[in-house]
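Subject: Structure handover

Hello,

Here is the structure for you to look over. My notes follow below it.

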Amino acid sequence: MKLTSNTILITGGASGIGYELTKQLTALGNTILITGRDQAKMDRAKAAFPKIHTFRSDVSDPKAIATLYEEITKEFPKLNILINNAGIMRKINVHDKAGSLEDLTREIEINLSGPIHMVKQFLPHLKTKSEAAIMNVSSGLAFVPLPISPVYCATKAGLHSFTESLRVQLKNTKVKVFDLAPPATQTELLDGFDVEDLKGASTMKVEDMVKAAIKGMQTDRFEIRPGQANQLKMMSRLAPGFILKQMSRSVDRMLRTLD
Ligand SMILES: NC(=O)c1ccc[n+]([C@@H]2O[C@H](COP(=O)([O-])OP(=O)(O)OC[C@H]3O[C@@H](n4cnc5c(N)ncnc54)[C@H](OP(=O)(O)O)[C@@H]3O)[C@@H](O)[C@H]2O)c1
């Protein structure tokens, strides 16, 4: 699809992959709207890219999504691309006795329910456009889990599945549906993980990952799997037991500390 002169909404656009999408898509001549919870972070992005527009909005709150929809469609009726990028990733030890049930599933509200609610809310508007797209940012971990982050990986497998169904349901509309499955990428998301957790993963530079994402959209590659994400998908089919064992080493270490 053409990636100039669009109006693009990017959730979680003030840092990491969202920030780099903001940077590269602004340079291509698009109008960019970003969301996030942390206003200071969005103010810093606005200072770097004065032409962007920021909206404080929590993707895990359906009421906030409804308000965002009202504001954006009124102010920016040309909106034609939605990028569901916001997400969090945590290590979770199921043996841990601390923590509430609500907290355990926080990633589901942000990474899975959030994009589904955003799609439902913005779809009628996107369907009115002559060219439109939705890109959901899943992960290479949608294909094989990293068991130290069990809930995160479940959300990404779920989002990948939802995106496939959405593409089929929208096949007779003008709305294209992309799934961006990044591999490990250098952003703050990985700050909570140590070298041992990520052993075997070659972390991609965010600039290169986003370049691949944009090229994928421009060439209508609907499932975009940069770098090692492609290998993860291939291995999940060719040698699922082997790749899961490789991905399980950090849990093996964690279990040894519990002995
Ligand atoms: N980095 C990787 O290795 C990697 C690999 C595969 C997939 N991904 C996916 O790529 C996406 C972006 O991640 P990243 O690496 O760029 O991480 P990041 O640097 O931590 O950025 C995540 C962004 O999401 C926003 N966010 C988090 N919760 C939110 C909420 N409830 N409502 C609105 N915004 C929220 C954050 O802003 P606020 O804190 O201000 O809300 C932040 O701007 C995520 O979906 C992630 O799962 C990343």
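Helices here are DSSP runs of H or I with at least four residues, numbered from the N terminus. Please keep in mind that this is a predicted model.

Ligand site

The shell around the ligand holds 29 residues. Ile17, Arg37, Asn85, Tyr152 and Thr187 come nearest. Two helices, α1 (16-27) and α6 (150-169), each supply at least two residues of that shell. By type, the shell divides into twelve nonpolar, eleven polar and six charged residues.

A backbone N or O atom of Ile17 sits 2.7 Å from an oxygen atom of the ligand. For Lys156, a polar side-chain atom lies 2.9 Å from a ligand oxygen. For Gly12, a backbone N or O atom is 3.4 Å from an oxygen atom of the ligand. Taken alone, the ligand exposes 890 Å². The protein buries 95% of that.

Helix pair α8 and α9

How do the axes of α8 and α9 cross? Helix α8 covers residues 228-238, and helix α9 covers residues 240-247. Their axes come within 5 Å and cross at roughly 125 degrees.

From α8, the contact uses Leu232, Met235, Ser236, Arg237 and Leu238. From α9, Pro240, Phe242, Ile243 and Met247 take part. The residues of this contact divide into seven nonpolar, one polar and one charged.

Best wishes

Technical notes. Residues are numbered from 1 along each chain as its sequence is written. This is a predicted model: local features need pLDDT of at least 70, side-chain atom pairs count only at pLDDT 80 or more; totals for chains, interfaces and linings use all residues. Side-chain values use heavy atoms; hydrogens and water are left out. A residue is near a molecule or strand if one of its heavy atoms lies within 4 Å of it. A polar contact is a pair of N or O atoms within 3.5 Å; within protein, one must be able to donate a hydrogen and the other to accept it, and residues adjacent in sequence count only if both atoms are side-chain atoms. Accessible areas come from the Shrake-Rupley method with a 1.4 Å probe; for residues, only the protein chains shown count as cover. Ala, Val, Leu, Ile, Met, Phe, Trp, Tyr, Cys and Pro count as nonpolar, Asp, Glu, Lys and Arg as charged, and the others, Gly among them, as polar. Axes are lines fitted to C-alpha atoms, for helices over the stretch in contact, and angles run from 0 to 180 degrees between N-to-C directions. Contact means heavy atoms within 4.5 Å.
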